[in-house]
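User: Please go through this protein with me, step by step.

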Amino acid sequence: MTPRQPHDLPGARPARPLRALAVGAALGGVLLGAAAPANAVAPGAVPAAAVRAPAPATVTVSGSGRAAAAPDLAVLSVGVEATRKTAKEALAAQNTAAKALVDALHAQGVADRDIRTENLSLAPVYAQSSAGESKVTGYQAGQSFAVKVRDLDRTGQIIGAVNDATGDAGRISGVVFDVSDPTALRAAAREAAHRDARDKAEQYARLSGRRLGRLVSLTEGESARPGPAAVPAAADGGEAVPLAPGEIEEHVTVTAVYELV
């Protein structure tokens, strides 16, 4: 008896032809390939995100600003110096003169917090003989002070008092006029420097047919401070030294980089 095939069994479904299955698989492959992401990149192509926009044009300028104000503080550079045969004698003479200087400052109303020792020295003094040899002939001791005077009207009087108290041992190196709090002065100079830099950048943008864009960077240089002014020694008798405080200037420089659009 001939064996019965599966499709001859009651209720069995006819088997699909193999060719139809193969065609379906092929079509399925095409459909899957067509469903790939739209932003897929072909082999060897450069992604759009990797292409960078060209850097914007920029202009680099420097600006300077000044601001001035009347000083309210004077800093004196004063000191004493003594030369004696021995180091001990020189140091003792220097100590006596330094005490007289500090006492004179106190008598003029200068507080201890405004008196600071800047330097203290003791060194041999040499003399050269006719034979060209150096020989120690004595010792020199010295001490220098920085003194803040907060009442400018008394600056010349204080210098005269120091000179009178120390005599030949006294040394007056100079005076610097300043403002006790330079914050506001420096802020005004910064504003002027920034304004100067922007004005220059706007002019360059105009000359190049562009418009000024955003500020890219801003760098501030070191601000300039007033230097010491030479002061002559006061006359004997404690006479006040005439002084001219003038104005204190703060100078600020900046370097700015702007975009051109």
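**Folds and core**

Analyst: The protein has four helices and seven strands; these are DSSP runs, H or I of at least four residues for helices and E of at least two for strands, numbered from the N terminus. The model is predicted, so local features need pLDDT of at least 70 and side-chain atom pairs 80 or more, while totals for chains, interfaces and linings use all residues. Residues are numbered from 1 along each chain as its sequence is written, and side-chain values use heavy atoms, leaving out hydrogens and water.

User: Which residues have the most contacts inside the largest nonpolar core?

Analyst: A nonpolar core is a set of buried Ala, Val, Leu, Ile, Met, Phe, Trp, Tyr and Cys residues joined through side-chain atoms within 4.5 Å. Buried means under 20% relative accessible area, exposed over 50%, partly exposed in between, with a 1.4 Å probe and protein chains only. The largest core has 39 residues, and those with the most contacts inside it are Leu76, Val78 and Leu105. Elements that each supply at least two residues of this core include strand 1 (58–69), helix 4 (183–207) and strand 7 (248–260).

User: Against which strands do the buried residues of helix 4 pack?

Analyst: Buried residues of helix 4 include Leu185, Ala189 and Ala205. Contact means heavy atoms within 4.5 Å. The buried residues of helix 4 pack against strand 1, strand 6 (212–220) and strand 7.
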